[in-house]
Amino acid sequence: MADRLSPRAREIAATARALLEESGPAALTLRALADRLGIKAPSLYKHFPDKNAVEVELVAQFLTETAEALEGAEADEPASPAALARAYRTYALAHPHLYCLANERPLPRALLPAGLEDRAAAPLLRACGGDGDLARSVWAFAHGMVVLEIHGRFPEGADLAQAWRKGVEALVRPRTSNG
């Protein structure tokens, strides 16, 4: 991802990411970003046309890093939706503000590097035997669990590891020919 950016744009994106990770999406403003960089806000426009472009870069980073995490899990445990779910959860909880920025609004597909969304989805699609509907269902379960966990919606003491195991197992358990 970063190869398509100039060195200064990479620095701006890295600073934006640090600001996001520290303080959340609401804190990511061009003024705060410029202040952190020690420049005037209009100087940012030489590298990113607007705040949305900075956010799109962060979404691209999220998708790239998610793809890398899932590819690593797939290499360790081929065809394992459970391994992918663990990797997805681990990554999301390590980067909750980036996760929310990337997933709590429409995906800017037209602005992302070609093939990136497909790369991020490919490990789960393979683990689900190419069944796109099953892969979307497993992803929706994982996304819902992560969002609820990030936002502290589970009661204290809930065994979330067990909930993850049971949820993934329920979705991907082999079906009999009778239903």
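Tutor: Let us begin with a definition: rings of Phe, Tyr and Trp (its six-membered ring) pair if their centres lie within 6.5 Å, and planes under 30 degrees apart count as stacked, over 60 as edge-to-face and the rest as tilted. The structure holds four aromatic pairs. This is a predicted model, in which local features need pLDDT of at least 70 and side-chain atom pairs count only at pLDDT 80 or more, while totals for chains, interfaces and linings use all residues. Residues are numbered from 1 along each chain as its sequence is written, and side-chain values use heavy atoms, with hydrogens and water left out.

Student: What makes F62 and Y99 an edge-to-face pair?

Tutor: The ring centres of F62 and Y99 are 5.6 Å apart and the planes stand at 80 degrees. The limits are 6.5 Å for the centres and over 60 degrees for the planes, so the pair is edge-to-face. F62 belongs to helix α3 and Y99 to helix α5, 37 residues apart, and the pair thus links distant parts of the chain. Helices here are DSSP runs (H or I, at least four residues), numbered from the N terminus.

Student: Which term describes the pair of Y88 and Y99?

Tutor: That pair is also edge-to-face, with 5.8 Å centre to centre and 85 degrees between the planes. Y88 lies in helix α4 and Y99 in helix α5, so the pair ties together parts that are 11 residues apart in sequence. Ring pairs link F62, Y88, Y91 and Y99 into a cluster.

Student: Why is N103 called buried?

Tutor: Buried means under 20% relative accessible area, exposed over 50%, and partly exposed in between (1.4 Å probe, protein chains only). N103 has 19% relative accessibility, so N103 counts as buried. This residue lies in helix α5. Leaving aside neighbours within four places in sequence, N103 is in contact (heavy atoms within 4.5 Å) with F62, W139 and H143.

Student: Why is A79 called exposed?

Tutor: A79 has 57% relative accessibility, and the limit is over 50%, so A79 counts as exposed. A79 is placed in the loop between α3 and α4. Its phi is positive, about 60 degrees, although A79 is not a glycine.

Student: How do you know that the span of α1 is close to the expected one?

Tutor: The expected span of a helix is 1.5 Å times one less than its number of residues. Helix α1 (residues 7–23) has 17 residues and reaches 24 Å from its first C-alpha to its last, close to the 24 Å expected. Buried residues of α1 include A9, I12, A13 and T15. Just after α1, G24 takes a positive phi of about 95 degrees.

Student: What makes up the lining of the largest pocket by class?

Tutor: The lining has 18 nonpolar, three polar and five charged residues. Ala, Val, Leu, Ile, Met, Phe, Trp, Tyr, Cys and Pro count as nonpolar, Asp, Glu, Lys and Arg as charged, and the others, Gly among them, as polar. The largest share of this lining, seven residues, comes from α6.

Student: What makes a space a pocket?

Tutor: On a 1 Å grid over the protein atoms alone, a pocket is an open set of points with protein on both sides within 12 Å along at least five of seven lines, whereas a cavity is a set where a 1.4 Å probe fits but cannot get out. Lining residues have an atom within 4 Å of a point. The largest pocket is lined by 26 residues, of which L63, E117, A120, A121 and W139 lie nearest its centre.

Technical notes: Helix = DSSP H or I, 4+ residues; strand = E, 2+ residues; numbered from the N terminus.
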